[in-house]
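Morning, everyone. Let's take a quick tour of one protein and its ligand. Please look at the screen.

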Amino acid sequence: MKITVVGTGYVGLVLGTCMADMGHEVTCVDNDEDKITALLAGRVPIYEPGLDQLIERNVREGRLAFTRNLVGALGLSRIVFVAVGTPSLPDGSADLSGIFAVAREVATTAEGDVTLILKSTVPVGTADAVRGVLAGLARHPFRVVSNPEFLKEGAAIDDFLRPDRIVCGVDSEEARTLMEALYAPLVRTGKPILFMDNRSAELCKYAANAFLATRISFINEIAQLCERVGADVDAVRRGAGADSRIGTRFFFPGAGYGGSCFPKDVRALVDTARQAGMEMEVVKAVEAVNERQKHVLADYVFAAFGPDLSGKRVAIWGLAFKPETDDMREAPSLVVIDRLLAAGAEVVVYDPEAMHEARRSLGDRVTWARRPMDAADSADALVLVTEWNEFRSPDFVALRARMRTAALFDGRNIWNPAEARAAGFAYRCIGRP
Ligand SMILES: NC(=O)c1ccc[n+]([C@@H]2O[C@H](COP(=O)([O-])OP(=O)(O)OC[C@H]3O[C@@H](n4cnc5c(N)ncnc54)[C@H](O)[C@@H]3O)[C@@H](O)[C@H]2O)c1
């Protein structure tokens, strides 16, 4: 099939590339000139493991192309995935301007019938609103499908190709048949395509993300309680998670969730509910707990050194909101760094992949280290914010020798407290003694 994907970010680029790899002819469209220029020159503008080789192969074999020209792409294809960003507006609602801009352009320029597949995470009612826009402008028949994406950055290709489920909100048999054909190669293992109405499909995505965020805020709050009552959150999470109704996956305390999805989707869900005349008390609390949790690591540093950090050098390991991505959107590291800088600290940072992205917001307010051990040189404290694999087994004795003061703050509980302390460190982590 000939497919157009609008929006070549973390979702659109993975979707377009994987669809090309399944044999379709895909044109990826973006209005960001720099992105398209980079892609045309063979550079991948984001870090996602395995994506560069997959893009290279599909471009070489002529199945994957990039352009800024949506109208030109539409001339080739009648199946249009929309994967543009839907960031938070100041009031917490989702900014749908990109979605409607694409819908209007498709409506006014398509030369035949079109199926618009909404891949972006969009609030309940968006498909209906898009239908309204198309009805007013389009000269040809159209279909609007809600097809939210559930991939995780860092494992995006595998998640896309081996999904737990595919959710499709449709309002016609034709749309259902098309989605079955598009996704047939991905469901041979028996994982379902769940067909439903558009509104339910839209809400599925928010319910899933809000629930995952709830697990994180819940275990973070339990971790805080553990510290106050002398319990070990690691034992508690294993003991509680052993119940098969709860499970141990995605149930780890840390420095708070970030990224391009959970924070904005939690806020947008609260906004959707408010517009429908109700307050989502659980979901609101999830966000409030997370905001507090993002400050915990900085609080630990202040507890150890006092509120004035002038003359102190603090090393940060890990900037991205999670490992295996360069995505810095709403990363907890930014909150930690802001507070340390405001208290007068010199902050030295290292991340394996996100330094380029992080430079946009941190600029020259921090010092950039080329290796983890360089960041630790003469530092008074080392704060681990993102648990990249390369941080998991440091040589604690060598690390101690590089630092001026032996203070370790482990924001992801990846280190063994006894081992760190045996090397002479004052070691603090989240909810464990
Ligand atoms: N990142 C994830 O892990 C993830 C997972 C599931 C769902 N989602 C959802 O998918 C959507 C996209 O997320 P993302 O992380 O890929 O975003 P992103 O910001 O990485 O990419 C969005 C792209 O859309 C482009 N764009 C915006 N408006 C456009 C327009 N009018 N015409 C053409 N291009 C336009 C931008 O230039 C950008 O390259 C969001 O709704 C997000 O919530 C994201």
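Start with how the chain folds back on itself. Take contacts in the protein chain between residues at least 6 apart in sequence: 73% of them join residues at least 24 apart. Keep in mind that this is a predicted model.

Now the overall build. The protein chain holds 18 helices and 14 strands. Along the principal axes, its C-alpha atoms fill a box of roughly 70 × 50 × 40 Å.

Of the 433 residues, 54% count as buried. The accessible surface of the protein chain is about 18600 Å². Carbon and sulfur atoms own 53% of that surface.

On to the ligand. How many residues surround the ligand? The count is 25. The closest are Asp30, Lys35, Thr86, Glu153 and Lys264. What kinds of residue make up the shell? It divides into 8 nonpolar, 9 polar and 8 charged.

Let's go through some contacts atom by atom. Glu153 puts a polar side-chain atom 2.7 Å from a nitrogen atom of the ligand. Val11 uses its backbone instead: an N or O atom there lies 2.9 Å from an oxygen atom of the ligand. Asn31 also uses its backbone, with a polar atom 3.3 Å from a ligand nitrogen. How much of the ligand does the protein cover? On its own, the ligand has 830 Å² of accessible area, and the protein covers 87% of that. Which elements give two or more residues to the shell? They are helix H1, residues 10–21, and helix H5, residues 97–109.

First, some background. Most residues other than glycine have a negative phi. Phe250 has a positive one, near 55°. Find Phe250 in the loop between helix H10 (233–241) and helix H11 (262–275).

Ser378 is not a glycine either, yet its phi is positive, about 60°. Ser378 sits in the loop between helix H16 (372–376) and strand S12 (381–384). Ser378 counts as partly exposed, because its relative accessibility is 36%.

Now for two buried residues. Asn147 belongs to the loop between strand S6 (142–146) and helix H7 (156–161). Its relative accessibility is 0%, so Asn147 counts as buried. What does the side chain of Asn147 reach? One of its polar atoms lies 3.0 Å from the backbone oxygen of Val167. Set aside neighbours within four places in sequence, and Asn147 still contacts several residues, among them Phe81, Leu118, Cys168 and Tyr183.

The other one is Arg237, in helix H10. Buried or exposed? Arg237 has a relative accessible area of 9%; buried means under 20%, so Arg237 is buried. Which residues does Arg237 touch? Not counting residues up to four places away in sequence, they are Ile219, Thr248, Phe251, Phe252 and Pro253.

To recap, take two numbers with you.

Technical notes
Residues numbered from 1 in each chain as written. Predicted model: local features only at pLDDT ≥ 70, side-chain atom pairs only at ≥ 80, totals over all residues. Heavy atoms only, no water. Near = heavy atom within 4 Å. Polar contact = N/O pair within 3.5 Å; in protein donor to acceptor, adjacent residues only side chain to side chain. Areas by Shrake-Rupley, 256 points an atom, 1.4 Å probe, with all protein chains shown as cover. Helix = DSSP H or I, 4+ residues; strand = E, 2+ residues; numbered from the N terminus. Nonpolar A, V, L, I, M, F, W, Y, C, P; charged D, E, K, R; others polar. Buried < 20%, exposed > 50% of the residue type's maximum accessible area, 1.4 Å probe, protein only. Contact = heavy atoms within 4.5 Å.
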